[in-house]
Amino acid sequence: MSLLALHNVHKHYGGPPVVQDVTLTVDPGETVAIIGPNGAGKTTLFSVMAGERLANQGRVELFGKDVTRAGARRLAHAGVARTFQIARFFPSKTVEENVTIAAQTTRRRYRRFWAGVPRPDDDVGRAIDATGLTGLRPVLASTLSQGNRKNLEIAMALVQRPRLLLLDEPTAGMGVEDLPRTVAVLKDLRQSRPDLAIVITAHDMDVVFALADRVVLMANGRIALDGRPEEVRDAPQTREIYLGNSYGGGAA
Ligand SMILES: Nc1ncnc2c1ncn2[C@@H]1O[C@H](COP(=O)(O)OP(=O)(O)OP(=O)(O)O)[C@@H](O)[C@H]1O
């Protein structure tokens, strides 16, 4: 059984659909990259997978259960964690405090955190270590490099013990030093969590090729191709779509 299955999903923001008829499965242990030009609908599809936006049509299943209308909170408790294009964390808190907050939020102890001093636990330490932030535990998040901000967000997702990790542009805006480190963090994660399913959006094809088992190419809200990374890279449609040719009735 697939971990995640989308069946004929549509999503609009009050106008024309920006995600159209998307059918897609992700298995445990699989890393799937969603690629496509700006505006193709990748982030919107992500938000539907995370329950932050509800599909207007179609069905979303997690472990075979219908979660189409479950919403983000319930999906988070069911094991879905996500990161954002622009990393979200508390800048005035330390790395350790941020990861502790993330852990306690998922464990429904949010209120207790605000009432007192958060106590980091083993999970927090493991998530920090797994993302290469060990030496930066007491450091204020606002002072982190772009790469470490992204790594912090990944640690905040990991501490929630996800079964599905959604990474929206995890290497966006990174410099040449940070990028390989984050790719290595994600590669290690694949090894240490063989059942974890990862869905990643990325514009950087080197990142896609380093991490993905499968690549899904989106254009104009639809899936244009779904296959092995080399297949998608070498397909003539991929070139056409990235050059802005008229796939699916209009420029992407
Ligand atoms: N909140 C919103 N309200 C209205 N339209 C939106 C909203 N968010 C996205 N859109 C539109 O939906 C379409 C798809 O956007 P989306 O961000 O999902 O694409 P994307 O493939 O992730 O693009 P990018 O690579 O630039 O992040 C775009 O035309 C965008 O302008």
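Helices (H or I, at least four residues) and strands (E, at least two) are DSSP runs, numbered from the N terminus. Asp123, for one, is found in helix α5. This is a predicted model: local features need pLDDT of at least 70, side-chain atom pairs count only at pLDDT 80 or more, and totals for chains, interfaces and linings use all residues. Residue numbers start from 1 along each chain, as its sequence is written.

**View 1. The shell around the ligand.** A residue is near a molecule or strand if its C-beta atom, placed from the backbone, lies within 6 Å of it. Around the ligand are Tyr13, Val18, Gly36, Asn38, Gly39, Ala40, Gly41, Lys42, Thr43 and Thr44. Helix α1 (residues 42–50) gives the largest share of this shell, three residues. By type, the shell holds three nonpolar, six polar and one charged residue. Here Ala, Val, Leu, Ile, Met, Phe, Trp, Tyr, Cys and Pro count as nonpolar, Asp, Glu, Lys and Arg as charged, and the others, Gly among them, as polar.

**View 2. Helix α1 and its burial.** A residue is buried if 20 or more other C-beta atoms lie within 10 Å of its own, exposed if 12 or fewer, and partly exposed in between; C-beta atoms are placed from the backbone. By that count α1 is mostly covered, with seven of its nine residues buried. They are Lys42, Thr44, Leu45, Phe46, Val48, Met49 and Ala50. Lys42 and Thr44 also belong to the ligand shell. Gly51 follows α1 and has a positive phi, near 80°.

**View 3. Helix α3 against helix α6.** Two packed helices are described by the angle between their axes and the distance between the axes. Helix α3 (residues 95–106) and helix α6 (residues 146–158) pack at about 35°, and their axes are 8 Å apart. Axes are lines fitted to C-alpha atoms, for helices over the stretch in contact, and angles run from 0 to 180 degrees between N-to-C directions. The crossing of α3 and α6 is right-handed. A crossing is right-handed if the near helix is turned clockwise from the far one by less than a right angle, and left-handed if anticlockwise. Val95, Asn98, Val99 and Ala102 of α3 meet Leu152, Ala155 and Met156 of α6. This contact divides into six nonpolar residues, one polar and no charged. Two residues are in contact if their C-beta atoms, placed from the backbone, lie within 7 Å.

**View 4. The two sides of helix α5.** Helix α5 (residues 122–130) has Val124, Ala127 and Ile128 as its buried residues. Seen down the axis of α5, these fall within an arc of 100°, so they line one face of the helix. The arc is that of the directions from the helix axis to the C-beta atoms. Asp122 and Asp129 are exposed on the other side of α5. The cover over the buried residues includes α3 and α6. Gly132 follows α5, and its phi is positive, near 70°.

View 5. Asp123 is partly exposed, because 17 other C-beta atoms lie within 10 Å. Not counting residues up to four places away in sequence, Asp123 touches Ala103 and Val159. Asp123 and Ala103 are 20 residues apart in sequence, and their C-alpha atoms are 8.0 Å apart in space.

**View 6. Two loop residues with positive phi.** Most residues other than glycine have a negative phi, and most peptide bonds are trans. Arg161 is not a glycine, yet its phi is positive, about 50°. Arg161 lies in the loop between α6 and β7 (164–168). It is partly exposed, with 16 other C-beta atoms within 10 Å. Glu169 is not a glycine either, and has a positive phi of about 50°. Glu169 sits in the loop between β7 and α7 (178–192). With 22 other C-beta atoms within 10 Å, Glu169 is buried.

**View 7. Val215 in strand β9.** Val215 has its place in strand β9 (residues 214–219). Val215 counts as buried because it has 26 C-beta neighbours inside 10 Å. Beyond four places in sequence, Val215 touches Ala33, Ile35, Val208, Gly227, Pro229 and Val232. Val215 and Gly227 are twelve residues apart along the chain, with 5.6 Å between their C-alpha atoms.

**View 8. Val207 in helix α8.** Val207 is found in helix α8 (residues 205–211). Val207 is buried, with 22 other C-beta atoms within 10 Å. Leaving aside neighbours within four places in sequence, Val207 is in contact with Thr171, Val183 and Ala202.
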